Amino acid sequence: MKKIGIIRCMQTEDICPGTTDFSFAAQGKGAFEELGPCEVIGFVSCGGCPGKRAVARAKMLVDRGAEAVALASCICKGHPISFPCPHHETMLAAIRKKLGDSVPVLDHTH
């Protein structure tokens, strides 16, 4: 079972406990289909707009055992606030650049 770290939108912390992210990871559903069932070993926020802390937090998750990193669907799809992060693509590219090709970075969870 792959170990995964999830980065979420800081603005959704008060209204979303991440239960769907955890469920999809455990079942290997949604974006996790390519990895199979995953164990979530870390669940952190992006640090707030514009998400500059997400790169350091992704690296921290990997340093602590994550074999893959996912941006939660609140960032790219806007669930549950119906407003996707305007910095999504920049954040995703910066995380992929920092982690390199050896660590899969998923652009959503469910």
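Where do D63 and K59 lie, and how many residues apart? I looked these two up before anything else. Both sit in helix α2, four residues apart, about one turn of the helix. I took helices as DSSP runs of H or I with at least four residues, strands as runs of E with at least two, numbered from the N terminus.

**Ground rules.** I am reading a predicted model, in which local features need pLDDT of at least 70 and side-chain atom pairs count only at pLDDT 80 or more, while totals for chains, interfaces and linings use all residues. Residues are numbered from 1 along each chain as its sequence is written, and side-chain values use heavy atoms, with hydrogens and water left out.

**Salt bridge.** I found one salt bridge in the structure. I required a side-chain nitrogen of Lys or Arg within 4 Å of a carboxyl oxygen of Asp or Glu. D63 forms it with K59, and the closest N and O atoms are 2.7 Å apart. Side chains of opposite charge can pair when their charged atoms come close. I then checked accessibility (buried is under 20% relative accessible area, exposed over 50%, partly exposed in between; 1.4 Å probe, protein chains only). D63 is exposed at 53%. K59 is partly exposed at 32%.

**Strand β1.** I moved to residues 2-8, strand β1, where five of the seven residues are buried. I counted strands as paired if DSSP finds at least two bridges between them. β1 runs parallel to β2 (residues 38-45), with seven bridges. K2 has C38 as its bridge partner there. β1 also runs parallel to β3 (residues 68-71), through four bridges. On that side I4 is partnered by A68.

**Core.** I asked which residues have the most contacts inside the largest nonpolar core. They are I4, I7, F32, I75, I95, L99 and L106, in a core of 33 residues. A core here is a set of buried Ala, Val, Leu, Ile, Met, Phe, Trp, Tyr and Cys residues joined through side-chain atoms within 4.5 Å. I listed what I7 touches (heavy atoms within 4.5 Å). Leaving out residues up to four places away in sequence, its contacts include V44, A58, L71, I75 and I95.

**H110.** My last stop was the segment after β4, where H110 lies. H110 is partly exposed, at 25% relative accessibility. Its C-alpha atom is separated by 6.0 Å from that of S73, 37 residues apart along the chain. Beyond neighbours within four places in sequence, H110 contacts T20, D21, F24, S73, K77 and H79.
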